[in-house]
Amino acid sequence: MSRFGALVLIVLALLAAGCSKAPSHEDDRVLRVAAASSVRAVAEALAREFESDHPGVRVTVTPGASGTLVAQMRNGAPFDVFLSADMNYPAALAAAGLTLDPPRPYARGELVLWLPATAAASADGLALDVLRSGAVRQIAIANPDHAPYGQAATSALRSLGLYELVATKLAYGENVEQAAQFAHAGAAEAAILPRSLVSMPPLSGSGRWIAIPATAYEPIEHGVVVLKSSPQGPAAREFAGLILSPRGGETLARHGLTPVSATP
């Protein structure tokens with residue numbers, strides 16, 4: 001081999017070595033957050049706050065139904081922090097030995113009925129009767145098989161004596177965001193959703209919501225947990241700390257959630 005050929009091989013080897021190291025270095029600056037769809041907006045807001053406090057760190061947020069995200073984590077999905085819409089799913093991860101610490105509650109959610117601006121229903125508790133009417137052909141909710149707010153929706157309908165009357169009208173989204181999309185697009189004339197979603201665009205500007213009596217469903221307590229497989233243990237714990245802090249509580253409240261410090 002000529003000297004020139006040998007030099008080329010050396011240069012290529014150095015370039016390859018440099019390329020192989022670059023991703024791992026970049027990964028060291030990324031914090032990966034799995035977030036229930038109901039808290040995607042607040043998770044993204046908290047991510048920007050964390051990035052502002054930690055220059056050079058990038059926080060990515062992956063939304064989905066809590067149960068779906070847990071299945072991914074059980075199969076090795078590389079997340080650092082999990083923001084669930086309940087306590088059961090993070091508790092299951094902890095029981096399986098997949099978390100650094102026990103899950104901690106960070107907020108309580110609220111279930112509401114969302115109606116488009118054109119819905120002819122009064123703004124009191126009796127407005128839930130609109131679900132019986134022929135004008136409502138589809139009611140969007142999240143899939144109760146893996147979405148806590150879907151479970152709460154079916155529980156509330158049963159408690160209010162409406163489930164049997166509207167069961168054939170229920171249209172299941174993979175998660176609450178998809179259920180919200182059904183309603184916003186007009187594919188459903190009503191939706192049972194978390195207040196954290198209807199308080200934000202696009203639903204906040206295209207309809208109105210009515211609180212579903214809290215006595216009709218079990219309290220929806222949200223939990224946060226840090227994954228044991230995270231290479232970002234200290235940073236992940238700091239992110240969880242931000243959520244649990246008074247500052248984080250203010251961000252949660254702005255997005256329609258009750259911070260855990262404010263729950264009874």
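The chat below covers a helix pair, the nonpolar cores and one loop serine.

Q: What are the ground rules here?
A: This is a predicted model: local features need pLDDT of at least 70, side-chain atom pairs count only at pLDDT 80 or more, and totals for chains, interfaces and linings use all residues. Numbering starts from 1 along each chain as its sequence is written, and side-chain values use heavy atoms, leaving out hydrogens and water.

Q: At what angle do H3 and H4 cross?
A: Roughly 15°, with the axes of H3 (residues 66–74) and H4 (residues 88–95) coming within 9 Å. That makes H3 roughly parallel to H4 (angles under 35 degrees count as such). Axes are lines fitted to C-alpha atoms over the stretch in contact, with angles from 0 to 180 degrees between N-to-C directions. Helices are DSSP runs of H or I, at least four residues; strands are E, at least two.

Q: Which residues meet there?
A: Ser66, Gly67, Val70, Met73 and Arg74 in H3 meet Tyr89, Ala92 and Leu93 in H4. Contact means heavy atoms within 4.5 Å.

Q: New topic. Where is serine 37?
A: Serine 37 sits in the loop between strand E1 (30–36) and helix H2 (40–53).

Q: Buried or exposed?
A: Serine 37 is buried, at 2% relative accessible area (buried means under 20%, exposed over 50%, partly exposed in between, with a 1.4 Å probe and protein chains only).

Q: What does it touch?
A: Beyond four places away in sequence, serine 37 touches Pro63, Gly64, Ala65, Asn175, Val176, Glu177 and Leu197.

Q: And how many residues are in the largest nonpolar core?
A: 68, with Leu83 and Phe239 among those touching the most other members. A core joins buried Ala, Val, Leu, Ile, Met, Phe, Trp, Tyr and Cys through side-chain atoms within 4.5 Å.

Note on methods. Parallel < 35°, antiparallel > 145°, perpendicular 65-115°, else oblique.
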